[in-house]
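Dear colleague,

Please find below the structure that I am handing over to you, followed by a short account of what was found in it.

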Amino acid sequence: PYIVHTLDKGPYGYWEAVIQLIGYLGFADLGVRPAIVYFVARHDALDEREEVDRFVNTAFVTLAFGGLFVLGVTAICAPLAPDWFNVDDSWRSDTVWATVIVGLTFACSLPLNAFSALLIGKQRFDLSCRVDVAIIVVRTAAVIATLEAGYGLVGLAAAHALSTLIEMLWKTRLAWKVQPGLRFAPRLASRFNAKALLTFGGFNIIVVLALRLTYQTDALVIGAKISLAAVALFAFGAKLATYTRDMLFSAGRILAPAIGAMEAKDGGSARAIGPLLSASSRNLLLVATPLFAYWVLFGGAFLEAWLDDRAFRDGGALPLTILALGSIAPVATYPMLELHRGTNRMRSLALFCA
């Protein structure tokens with residue numbers, strides 16, 4: 001609410017749209033990050049430290065090329081983006097610079113995912129979450145400071161850039177803490193390991209693309225066909241459902257490395273994995289049902305009170321209701337998606353999602 005009231009609906013709508021646009025450049029990681037999680041979990045369970053080093057360094061080199069691709073796309077798209085969304089001349093320059101900052105940040109942080117993914121592969125969610133919580137505080141303070149100083153859309157982008165880079169560098173440092181003796185040696189990168197990462201990642205891209213087209217296309221379509229102000233009205237209703245769903249998905253993501261470690265140690269015994277999946281699905285559904293029911297029953301009133309604007313209730317309540325109801329089944333079945341990732345059965349998962 002603070003951001004939208006400070007920037008106004010138009011610039012905020014552009015911010016939502018550009019975040020989704022840059023989000024599509026996430027495919028520049030070629031699906032490597034979840035592949036790192038899988039291979040680190042597997043080789044760590046077998047105490048094969050040399051293989052962990054090889055996969056992490058191979059991932060770093062691969063993602064560095066992805067970062068260069070993002071830089072190129074950003075350089076091409078940044079000057080054109082204002083025309084795509086009919087941006088007013090009064091803040092056209094701000095939109096270009098905001099797009100450049102977001103793209104540059106993404107490109108720089110991309111190769112560092114090789115190290116942050118190691119934390120997840122070793123199931124050190126405690127350390128990762130501590131960083132995430134601290135970064136929320138840093139990002140919030142930076143956003144308020146820059147907007148209060150009058151830097152507008154560019155300041156918002158810079159605040160996100162600063163907090164993102166701090167997050168990635170912090171997690172990179174922690175990677176050496178949880179993996180003593182980890183070597184940063186790009187020469188360890190190999191074609192064999194790159195092929196393994198890209199094979200896993202290629203199928204994962206299909207999965208991610210299918211999910212992204214399902215959940216993250218709305219702002220681009222609304223901004224192009226209606227207006228950026230309409231994006232802002234829609235985004236807040238959709239955001240509540242999205243935050244709730246993503247929170248539950250985040251809880252489910254602990255399954256992939258755990259299942260990968262189980263498979264490495266005992267061949268993926270159904271006796272061990274089956275109860276884990278059943279309990280996970282049941283618990284996610286147990287938490288999801290009352291949360292989504294609240295949004296269906298009281299979401300409109302919440303939006304109006306939260307944003308102190310009746311327009312958000314009128315424009316956001318229906319999208320919130322539809323997206324909340326539509327999220328229950330994906331949340332309940334999310335552990336099955338993580339089962340495929342944790343056992344490297346990405347081909348069948350990609351075919352299903354496609």
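In helix α3 (residues 32-45), V32, I36, F39, V40, H43 and D44 meet E51, V52, F55, V56, A59, T62 and L63 of helix α4 (residues 49-77), where contact means heavy atoms within 4.5 Å. This is a predicted model, in which local features need pLDDT of at least 70 and side-chain atom pairs count only at pLDDT 80 or more, while totals for chains, interfaces and linings use all residues. Residues are numbered from 1 along each chain as its sequence is written, and side-chain values use heavy atoms, without hydrogens and water.

Helices (H or I, at least four residues) are DSSP runs numbered from the N terminus. The contact of α3 with α4 divides into nine nonpolar, two polar and two charged residues; Ala, Val, Leu, Ile, Met, Phe, Trp, Tyr, Cys and Pro count as nonpolar, Asp, Glu, Lys and Arg as charged, and the others, Gly among them, as polar.

Two packed helices are described by the angle between their axes and the distance between the axes. Axes are lines fitted to C-alpha atoms, for helices over the stretch in contact, and angles run from 0 to 180 degrees between N-to-C directions. Angles under 35 degrees count as roughly parallel, over 145 as roughly antiparallel, 65 to 115 as roughly perpendicular and the rest as oblique. For α3 and α4 the angle is about 170°, with the axes 9 Å apart; the two helices are therefore roughly antiparallel.

Helix α4 also packs on helix α7 (residues 113-121), their axes coming within 8 Å and crossing at roughly 140°, which makes α4 oblique to α7. Here V52, V56, A59, F60 and L63 of α4 meet N113, A114, F115 and L118 of α7. By class, this contact has eight nonpolar residues, one polar and no charged ones.

Which helices cross at roughly 5°? They are α6 (residues 92-109) and α9 (residues 152-178), with axes that come within 8 Å, and α6 is thus roughly parallel to α9. Their contact has twelve nonpolar, four polar and one charged residue.

Finally, the structure holds eleven salt bridges, each a side-chain nitrogen of Lys or Arg within 4 Å of a carboxyl oxygen of Asp or Glu. One of them joins R54 to E50, with the closest N and O atoms 3.7 Å apart. Because R54 and E50 are four residues apart in helix α4, about one helical turn separates them.

With kind regards
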